[in-house]
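Please open the structure in a viewer and keep the selection tool at hand.

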Amino acid sequence: MEIEFQRVGKKYESGQEALSQVSFHLQQGEMAFLTGHSGAGKSTLMKLMMMIERQTSGQILIDGVDLRTLSRRAIPQHRRRVGVVFQNHQLLFDRSVFHNVALPLQVSGADPQQIAKRVRAALDKVGLLDKEKYNPMALSGGEQQRIGIARAVVNKPQLLLADEPTGNLDPKLSAEIMNLFQEFNRVGVTVLVASHDLALVARMRHRVLTLSHGRMVNDGGFGS
Ligand SMILES: Nc1ncnc2c1ncn2[C@@H]1O[C@H](COP(=O)(O)OP(=O)(O)OP(=O)(O)O)[C@@H](O)[C@H]1O
Ligand SMILES: [Mg+2]
């Protein structure tokens, strides 16, 4: 998936200006990091891509299509093409690992055999195939995070957005999670990862976009 922001602004109803004049272009199949201080606008930028929030100025083009021109029916279709990983993985503790990963497929009405196949393929990718029957509460923080990733990729998204996916993890687990994203990127998925962890970001040697007070202040290679 290809993404282009053209002078995008977002002012919340509270009057808070979260983004202003943000422009960047992510090519199909590219991987990049998004950094910036707390409150810089990283999550807002991702919410605009998911159409959870709407920009108040400028244009967002996804594969050349202006998001504002999408019909109501096209919005869920758009969301299905995007996988999202949250910091607080948002797993449901009243159901098994398998059913947590299956959720996006059930929402889109796939048949049960197809669901089982896809869920196991996604769990296999994150190395947790043997944990499908567990309750996610019985797993470590890193394992829970990987289940969140399996759920984000089970629909085979063309764009993977991860918002602070390694927030609570130790450096070794963080590096493993980043390697997973790289593997998805290698098979053609466009990947954007928001992270505070500048050292980790610099080690990954990918393009780094930096927001400060809602403005894109740096768009370049490899962080500092
Ligand atoms: N729903 C909302 N209503 C009003 N203001 C909001 C809302 N969501 C975010 N903001 C404000 O917009 C600004 C950007 O917030 P955002 O969550 O995008 O930052 P962030 O870079 O993701 O920060 P963090 O690193 O802490 O997650 C902040 O000033 C925040 O208070
Ligand atoms: Mg955030």
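Begin where the two domains meet: 11 residues of domain 1 are in contact with 12 residues of domain 2, contact meaning heavy atoms within 4.5 Å. The model is a predicted one, in which local features need pLDDT of at least 70 and side-chain atom pairs count only at pLDDT 80 or more, while totals for chains, interfaces and linings use all residues. Residues are numbered from 1 along each chain as its sequence is written, chains are lettered from A and ligands numbered from 1 in the order in which they are written, and side-chain values use heavy atoms, with hydrogens and water left out.

**First stop: the two domains**

To colour the domains, select residues 1-81 together with 158-224 for domain 1, and residues 93-156 for domain 2. These bounds come from an automatic or database domain assignment. The centres of the two domains, taken over C-alpha atoms, are separated by 24 Å.

Between them, domain 1 and domain 2 bury about 950 Å², and 75% of this area is on carbon and sulfur atoms. Buried area is the accessible area (1.4 Å probe) that two parts lose on being put together, summed over both. Now select Arg 80, Leu 180 and Phe 184, which supply 47% of the area that domain 1 buries against domain 2, more than any other three residues.

The count of salt bridges between the domains is zero; a salt bridge is a side-chain nitrogen of Lys or Arg within 4 Å of a carboxyl oxygen of Asp or Glu. One residue pair, both at pLDDT 80 or more, is in polar contact between the domains. A polar contact is a pair of N or O atoms within 3.5 Å; within protein, one must be able to donate a hydrogen and the other to accept it, and residues adjacent in sequence count only if both atoms are side-chain atoms.

Next select helix H6 (residues 171-186), which contributes five residues, the largest share of the side of domain 1 that touches domain 2. Helices (H or I, at least four residues) and strands (E, at least two) are DSSP runs, numbered from the N terminus. The residues on that side of domain 1 divide into eight nonpolar, two polar and one charged. Here Ala, Val, Leu, Ile, Met, Phe, Trp, Tyr, Cys and Pro count as nonpolar, Asp, Glu, Lys and Arg as charged, and the others, Gly among them, as polar.

**Second stop: a pair within helix H6**

Select Lys 172 and Glu 176, which form a salt bridge whose closest N and O atoms are 3.4 Å apart. The two are separated by about one helical turn because they are four residues apart in helix H6. Lys 172 counts as exposed at 62% relative accessibility, whereas Glu 176, at 34%, counts as partly exposed. Buried means under 20% relative accessible area, exposed over 50%, and partly exposed in between (1.4 Å probe, protein chains only).

The whole structure contains nine salt bridges. Which side chain meets that of Glu 30 in a salt bridge? Select Arg 207: the N to O distance is 2.8 Å. Glu 30 lies in the loop between strand S2 (17-26) and strand S3 (31-35), and Arg 207 in strand S9 (residues 207-212), 177 residues apart. Both are buried, Glu 30 with a relative accessible area of 19% and Arg 207 with 17%.

Asp 219 belongs to strand S10 (residues 215-221) and is partly exposed, at 39%. Through shared partners, salt bridges join Glu 30, Arg 207 and Asp 219 into one network.

Thr 190 lies in strand S8 (residues 190-194). Is Thr 190 buried or exposed? Thr 190 is buried, with a relative accessible area of 0%. A polar atom of the Thr 190 side chain lies 2.7 Å from the backbone oxygen of Met 1. Leaving aside residues up to four places away in sequence, Thr 190 touches several residues, including Leu 26, Glu 30 and Leu 160.

Finally, select Arg 68 in the loop between strand S5 (65-66) and helix H2 (74-80). Arg 68 is partly exposed, with a relative accessible area of 46%. A polar atom of the Arg 68 side chain lies 3.2 Å from the backbone oxygen of Gly 58.
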